[in-house]
Amino acid sequence: MQVTIDIPDTLAAQISAAGKNPSRVALEALAVDGYRTRQLSESEVRAMLGYETRMQVHELLREHGIYLNFSVEDFQQDIETSDRLFERSTAA
């Protein structure tokens, strides 16, 4: 879908003067806000912005002061996975 927005020329000039494309800035802002409000997942942000890796999404979110949506359950699952991998590597 294509969406058109109008912003004052002075603001567009400021964004452009900073070396950024106003359309890209608006798209990134929409993606960041979607992630922040949990309307978009990390993979949806990646697809929306055409990024190839999760690390690119992480960098964008970091630049905007947004923390990854990582729950206690996610953390617990990572611990369990790590424990299983450690047990497997020491048994070999």
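Confidence in the prediction was examined for the protein and for its elements. The mean pLDDT of the protein is 90, and 99% of its residues reach 70 or more. The lowest confidence is found in helix 1, with a mean of 86. The highest is found in helix 3, residues 42-49, where the value is 96.

The secondary structure consists of five helices, with zero strands. Read from the N terminus, the order of the elements is α-α-α-α-α. The radius of gyration of the protein is 19 Å, whereas the globule rule gives 12 Å for 92 residues; the protein is therefore more spread out than a compact globule. Along the principal axes, the C-alpha atoms fill a box of roughly 65 × 25 × 25 Å.

Of the 92 residues, 16% are buried. Among contacts with a separation of 6 or more, 29% are between residues 24 or more positions apart. The protein exposes about 7,500 Å², and 54% of this area is supplied by carbon and sulfur atoms.

Side chains of opposite charge can pair when their charged atoms come close. Under the criterion of a side-chain nitrogen of Lys or Arg within 4 Å of a carboxyl oxygen of Asp or Glu, the protein has four salt bridges.

Helix 2 covers residues 22-36 and contains both E28 and R24. These two residues form a salt bridge in which the closest N and O atoms are 3.1 Å apart. E28 and R24 are four residues apart in the helix, so about one helical turn separates them.

D33 and R36 are both located in helix 2, where a spacing of three residues places them about one turn of the helix apart. D33 has a relative accessible area of 34% and is partly exposed. R36 also counts as partly exposed, at 48% relative accessibility.

The salt bridge between R54 and E42 involves their side chains, with an N to O distance of 3.1 Å. This pair links distant parts of the chain, as R54 belongs to helix 4 (residues 54-63) and E42 to helix 3, twelve residues apart. E42 has a relative accessible area of 18%. Because buried means under 20% relative accessible area, E42 is classed as buried.

Methods. Residues are numbered from 1 along each chain as its sequence is written. This is a predicted model: local features need pLDDT of at least 70, side-chain atom pairs count only at pLDDT 80 or more; totals for chains, interfaces and linings use all residues. Side-chain values use heavy atoms; hydrogens and water are left out. pLDDT is the predictor's confidence in each residue, from 0 to 100. Helices (H or I, at least four residues) and strands (E, at least two) are DSSP runs, numbered from the N terminus. The radius of gyration is taken over C-alpha atoms; the globule rule is 2.2 Å times the number of residues to the power 0.38. Buried means under 20% relative accessible area, exposed over 50%, partly exposed in between (1.4 Å probe, protein chains only). Contact means heavy atoms within 4.5 Å. Accessible areas come from the Shrake-Rupley method with a 1.4 Å probe; for residues, only the protein chains shown count as cover.
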